Structure formats: structure tokens, C-alpha cells
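Subject: Structure for your review

Dear colleague,

Please find below the structure that I am handing over to you. My notes on the findings follow it.

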Amino acid sequence: MIKEIPVLIIGGGSVGLSLSAELGWRDVDNLVVEQNERLNPHPRANAVANRTMEYYRRWGIDQGLTEAGVPPDHPADYYWVSSLHGRELHHVSLPPFKKMREVHKNDPKIREEHTWSPYLKTITGQNEVEKHLLSYVHSRPSSELLFNKKLIGFHQDADGVDCDLECKTTGARETIRCRFLVACDGGRSFVRQQMGVGLSGRSNLARFVSIYFSAPNFKNCHKFGQANIFFPLHRDYAGFILNWDGGTTFTYHLMLSDQQQWDRMDPIQAIERVLGSHTEIEVMSAQPWTAHALVADQYRDGRVFLAGDAAHLFSPTGGFGMNTGVSDIINLAWKLEAVLEGWGGEYLLDSYFSERHAIGVRNTREAADCFDCLNDVMVYGDELDEEGPKGDRFREELGRVLKDQEKLISSSGTLLGYRYEGSPIVVSDGTPEPKDDPRKYAPVARPGHRAPHIWLEEGVSILDKLGKGFTLFKFTAIDTHLLEESAECVGLPLEVVSITNTAAADLYDANLVLVRPDLMIAWRSDNLPDQLPDLLNQVRGAYQ
């Protein structure tokens, strides 16, 4: 007998696990198949974005993640240096995450960025993220994950997709039929290749080797303070060094020259060269990677979808890759659920591409721009450490350039300020689109934008009031029973939540605000429209 499942997910990395977690949270049966025998122990991505943490907050795994990496009471410091035995060229220090938990009011003395989300970036390795995600997936009865299973072929018809799987340990084969297939199988996606979907953008920006290592005495080998990231700019050591804990475990992403081969390098020697000294070092793993800025030309073919690195390949500068992928699947999951339950409109699934492709292009370009800026200052040699007035002038001029690179670490505009402008399932209110600034986020409840965060009381964000379906925020005493009856008629899940907080009412700037299941604004107005079915049909994708 052929096993059947509503949603089959190919790839058990951070994006595939997040999709399984979101579907599991929604009680939608799903199966993840991962060809490797276990999770990848290499950290790879180092920052869980504030937006991603807002999703993870709904599943209750946010607290564990904040405690899994750099301790939440440690300041977030970033150093641009010639090398770790050279000079400091630029330095940024941000308050620790623990400080965020003390911010419950819009105090003008508090740095503005702290009011945009319950979180800043959470510095936690992708390996730790995936451990927490896997634990949550195992806790959901509707989610299942199988390791050592490889997709070797698939065929779709009008009603579903037949997927041929092979066990990598035994060679046994089986076929699973699903209603929808979602490829989260990485930058070399087998599914994308079989779909014949091309990639557009810039490829092969640079090659790196990522060295994951432990060095208990690391912080005593240099004169700088503890940091989340060091950026060595000297061309002989160019790259970035990421800290994963209190200062003993790191990943050194070393940029390779055209002649260098990653597997012929001595990783300990590379670490000691940038340190300028010998110390105890244990290398856990080393993996190569290549920076790209590529986006798939399609995200969907019938019942088959691409998400995460299968849909877009990033340079890690700015920390957008994994986080863009998680936003992909949050956008897709509720739409799959809606169609499976019968209330999703005929064109709802088409909106996945129209909304997320533009964000993929936007975010890969921003990451590439961050990389280009960093790469431009990784061309210097010993002049970075030159003594005397000439060296001082050179470093002063370089420092002004490096000031503009703070968007590498302060990127809330990119992470929170994305919007689905012109989406067919968003009802415009006619207000002008605000500037899309990669560093600065403008909190706004404009349709197509993220529902903005505000603390309603200590520890309670307005985002905590949002449920699994649509949520109607009601800021004044308006009778909404006709809208609720119309939603019930088409099966659209709707919860009406009255908000009495004056600051929240001012922020959302309308008497009624309809928020989608993916925490995005669908519609707002001071009054209910005359044609309620038209409103609901548009937001559920019944209109093209």
C-alpha cells in the first residue's frame, strides 16, 4: 500500500524543520524526509532574526534559543580589525538581550530599535536552532521526520504528487503520495533541478572555508574584548570569526583565493595566523561554501513548491538566508492548510510566489551589497597596521567607510520592514508606501506589512494575541457580527480581539485591522465595508 500524507517536506534543515513545526502547530499532518543520518552539527548561520524569533515565540521555543548560544546577559560587540594580532579599525557595542526583556514601555530614553520587536538578533548557531526545532517537531503528533531517506523522483497529477524515496542504508524503495510537496533541500535542490527551474542573479561572489573550532584560551590571545563577530580585514586573513558561546567556541569563515583549495589547508594554522599566536585548538569540522545572490525564477509548479535555499542562495552577510527561508514557509504553511481545509480560494497558492519571490530578490541583493562593501575593504595588507601619521590618516578614513557597514549587524529594516506591495490577497488602504531602508524599520500597520509589535503589558506583546487563523483587532466598540457570520459562511477561521491600549490604537491607526495567519496585515479601516464577501474572498485568494 502507498502511504499518503497531506504535505511531504524534502530536507530536514532549519527551513524544512520550521515548516514541519508550523504545520504541526496547525495540526496539519506532514512528513519530513532528510537524506543525512542526523542533523548537521556545523553551526553555519549564526543569527536568528527578530522576525524569526517572533514565529518561534508562538511555538514556545524562543526562550531555549536565547539561552543556547551567546549568554543573554553578554553585550553584543562587533570588531572590524586588521587581524587579531593587529589594530582595531571599528567597533560597535549593542546592549545584551537581557536588557530587551526589561523594556516594556515606549520610553523615549530607550534605543528605538529595542521597541520594534520583542527581540534583537539572537546569536545562536544553526545547529542549536535545528536541535530545538527537531525537539518541537517530535512533540507534535501531526509531524514526523525520517532520516536516511532520499527523494529519487516524483510525478504529479491533478490531485497529488507520487514521490519515490530510497533508504540510504538499505537501498529499499517506497512511494509516498502527498497532496503537496515542498522542497527545502538546499541550494543544490534536486526538486528544483527536476522542475527545470533556473536561477537569476549573481553567482560565485566568493569561496570560503568554514572552520568550526574550540579554543579555551582564545580571548587571552588578543587584546580586544569578547565579541559576537570579528571581521579581520587584512587580505591574508580576510573573513569573519563568529562566537558561539561565552568566548571559547567559534567558526572562522576564511575567504579563499583563486588558488586555494579548502581541503588542502591546515585549519589550525589558519586560526593561529589570524591570532598571531599558538594556543590550544580543537577543530570540530571544516566545510566549504560559496557566496551567491541567486533567486529561483519560479517557486511553484502545480503542487510542488520551493522554499529556503532551494528558492534562493545568499551571501551570509547580514544574516538573511535562513531567516528569509523561515518567512517563506510561514507564508506558505497557512495557505496549504487553507486549501487542505477547503476555505482557501482558487488563487491563494499563487500568492506564495507573488509575495515571496520579490522578497527573495530584495534580500539576496541586500546581502550581496553587504558582501560587496565588506569585500571592498578586505584588499589591504600591512598598511592597516602602519605606524605614524600616514597610517593614522589611512585608518581614520577607513573607519568612516566602516561606519556605513553597521547594516551588517543592524538590519531590522530588512528583517522587519519587508512588505507585500501589490499582493492580490492584500486590500490596499491607499496610503503611500514608506521607504524601504535596510537599517531602519518604520513600524506601520499598513496592509501588506508585518503587524507591528507593541507591549500591551509587562511581557505581553500584541503579537501574542494573534491566533492560528485570521485575527481582527478591534480598537473601538464596533459591531462586527456580520463579518464574523460572513467568515463562518466561507469557513475562514476568524477571531475578534478587542484592544483597549491607546498606544496600540495609535500605532495601528484604524478602528479595525485584519491580521493574516502569518502575522501580516491583510486589511484595515475605520468601518466595515459594504460588501463583506468581497473582502473575505480577496484575502482568502478567491479572486485573481
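In these notes, buried stands for a relative accessible area under 20%, exposed for one over 50%, and partly exposed for what falls in between, with a 1.4 Å probe and protein chains only. The areas themselves come from the Shrake-Rupley method with a 1.4 Å probe, and for residues only the protein chains shown count as cover. This is a predicted model, in which local features need pLDDT of at least 70 and side-chain atom pairs count only at pLDDT 80 or more, while totals for chains, interfaces and linings use all residues. Residues are numbered from 1 along each chain as its sequence is written, and side-chain values use heavy atoms, with hydrogens and water left out.

Helix H2

Helices (H or I, at least four residues) and strands (E, at least two) are DSSP runs, numbered from the N terminus. Helix H2 spans residues 50–59 and is mostly covered, with 9 of its 10 residues buried. The buried residues of H2 are Asn50, Arg51, Thr52, Met53, Glu54, Tyr55, Tyr56, Arg58 and Trp59.

Salt bridges

A salt bridge is counted where a side-chain nitrogen of Lys or Arg lies within 4 Å of a carboxyl oxygen of Asp or Glu. This rule gives 28 salt bridges.

One network of salt bridges links Glu22, Arg26, Arg58 and Glu337. Within it, Glu22 pairs with Arg26, their closest N and O atoms lying 3.0 Å apart. Glu22 counts as buried because its relative accessibility is 0%. Arg26 is buried as well, at 4%, and is placed in the loop between helix H1 (14–25) and strand S2 (30–34). The side chain of Arg26 also reaches the backbone oxygen of Lys468, at 2.5 Å. That is a polar contact, meaning a pair of N or O atoms within 3.5 Å; within protein, one must be able to donate a hydrogen and the other to accept it, and residues adjacent in sequence count only if both atoms are side-chain atoms.

Helix H9

A further salt bridge joins Glu355 and Arg516, with 2.8 Å between the closest N and O atoms. This pair links distant parts of the chain, 161 residues apart: Glu355 is in helix H9, and Arg516 is in the loop between strand S23 (512–515) and strand S24 (521–525). Both Glu355 and Arg516 are buried.

Arg362 forms a salt bridge with Asp436 at 2.7 Å, N to O. Arg362 lies in helix H9 and Asp436 in the loop between helix H11 (412–416) and strand S19 (455–457), so the pair ties together parts 74 residues apart in sequence. Arg362 counts as buried at 18% relative accessibility, whereas Asp436, at 34%, counts as partly exposed.

Arg356 is found in helix H9, which covers residues 350–376, and is buried with a relative accessible area of 1%.

A charged patch

On the surface, Asp479, Glu484, Glu485 and Glu488 gather in a patch of negative charge. Patches are made of residues with over 30% relative accessible area and no salt bridge, like charges being joined within 9 Å and nonpolar side chains (Val, Leu, Ile, Met, Phe, Trp, Tyr) within 5 Å. Lys and Arg count as positive and Asp and Glu as negative, while His and the chain ends are not counted. The place of a charge is NZ of Lys, CZ of Arg, CG of Asp or CD of Glu. Glu488 sits in helix H12 (residues 481–490) and is exposed, with a relative accessible area of 66%.

With kind regards
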